[in-house]
Amino acid sequence: MTVAFKTFGCRLNRAETAKFAASFAAAGFECVPFGTPADVVVLHTCAVTQAAENECLKLTRSLRRKDPSALLVLTGCAAEAVSAETLKAMGVDLIVTHEKKDELTAIVSRQLGIPYVPRPFMPLRNTKRAMLKVQDGCNFFCSYCIVPHTRGLPRSRPFDECLRDAQAFIRAGFQEIVVTGCNLACYSDGARGLVDLLAALAGLPGLGRLRLGSLEPGTVEMEVAALMAAHGKICKFLHLPIQSGDDGVLSRMGRRYAAGQMRQTLEDILRLMPNLGLGADIITGFPGETPEAFEHTRALVSAFPFSNLHVFPYSVRPGTPAATFDGDVPEADRKRRAAVLNRLKARQRAAFAKQFIGKEVDVLVERLDEDGNAHGWTGEYLDCSISGLDFSSIATRVSCVPHAAEGNMLLA
């Protein structure tokens, strides 16, 4: 039996799909590339925006028309946001909810009449870095976000189970483990929280390096930053979805911090790690965002050396409180404001890259381009092009000293 996967959306979805693939392979299925004829097709969907949900549903209908015989399985957030009746009418054979995801292979095997025997987790080495899911769900209920309604309330994986999976990744040869979750700050197993888990993971024998996924501001970011500054195996990159730099907008979003608190936090973190790779998510044109409010956001972004901005013009997500808010910002203004921040992003990322010219960096090599140059990411999440390496360097970590920067890319 063959199985193919298509994953939409976030890093957490990718982490879950990697575990699905390993489970199916252990059960005797052959994992084939998506687009290849397969007996089973699993769509791991996203519903963070209406556009994302629509894209998933469009592909669902297309797949059903192209291959009526495949077992079409839907899981992920769109499987929660869209009614089962609608999905069945599109030709979906199986809908697997978030609560049943860990049983996906068993559910599919039963549907096909194939015996299923649970086996220990054995990661597949089909990517350059391993995604370690440690937590799921969120109870922050930001006014623009559907995720707490599709993924449910916070729940954490047992501490020792997370360590066992990480050890399996290390034995499989992965040089980087990315710790991911729906809301990482909510990780908790008894008295042990996220910082305790990160410290234990960073101390595992044989670990190459550890990277942290997005971390909600106003939670444990200072404690995490202190650990990051002290531990050489934790990548010096921190992504904070700050969303806005205006107090009024943050309040309407239901965020748990004010702009002044965010500024103080960023100053404190950068004192600990002046060369930290700093990422952020920003939403432009949220309902009620005036030109003055946007300027507050632009000023916040300008004041700090963000090297990796994800800027999103606000998109109405039906089912969230924000979808009913007044103060709608015209779409053209949302996009114009996003363009302003994206231009700023390009300048700041290029300036950040230049700081590493002449300094040794650690790079996880991911590919070779047509000119024979190796490409990979530094611990600070900068793209680096390295000459003089061959295919044997892919999926390994190398140290190099960049001699130049071309835009935001380091050259070594």
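## Strand pairing in the sheet

Two strands are taken as paired if DSSP finds at least two bridges between them. In this predicted model, strand S13 (residues 277–284) runs parallel to S14 and is joined to that strand by 7 bridges. Within this pairing, Gly279 has Asn308 of S14 as its bridge partner.

The open sheet to which these strands belong has 3 strands in the order S12-S13-S14, and the pairing is parallel. Strand S12 (237–243) and strand S14 (306–313) each have a single partner strand and stand at the edges, so one side of each lacks a neighbour in the sheet. On average, neighbouring strands are turned by 15° against each other, direction ignored.

## Helices packed on the sheet

Helix H11 (residues 259–272) packs on the sheet and touches S12, S13 and S14. The direction of H11 makes about 170° with that of S12. Helix H13 (residues 331–354) also packs on the sheet, touching S13 and S14, and its direction makes about 170° with that of S14.

H13 has 24 residues and spans 35 Å from its first C-alpha to its last, close to the 34 Å expected at 1.5 Å a residue. The buried residues of H13 include Arg334, Arg337, Leu341, Leu344 and Phe352.

## Contact between H9 and H11

The axes of helix H9 (residues 221–230) and H11 come within 9 Å and cross at roughly 10°. Angles under 35 degrees count as roughly parallel, so H9 is roughly parallel to H11. H9 contributes Glu221, Met222, Ala225, Ala226 and Ala229 to the contact, while H11 contributes Thr265, Asp268, Ile269 and Leu272. By class, the residues of this contact comprise 6 nonpolar, 1 polar and 2 charged.

How values were computed:
Residues are numbered from 1 along each chain as its sequence is written. This is a predicted model: local features need pLDDT of at least 70, side-chain atom pairs count only at pLDDT 80 or more; totals for chains, interfaces and linings use all residues. Side-chain values use heavy atoms; hydrogens and water are left out. Helices (H or I, at least four residues) and strands (E, at least two) are DSSP runs, numbered from the N terminus. Axes are lines fitted to C-alpha atoms, for helices over the stretch in contact, and angles run from 0 to 180 degrees between N-to-C directions. Contact means heavy atoms within 4.5 Å. The expected span of a helix is 1.5 Å times one less than its number of residues. Buried means under 20% relative accessible area, exposed over 50%, partly exposed in between (1.4 Å probe, protein chains only). Angles under 35 degrees count as roughly parallel, over 145 as roughly antiparallel, 65 to 115 as roughly perpendicular and the rest as oblique. Ala, Val, Leu, Ile, Met, Phe, Trp, Tyr, Cys and Pro count as nonpolar, Asp, Glu, Lys and Arg as charged, and the others, Gly among them, as polar.
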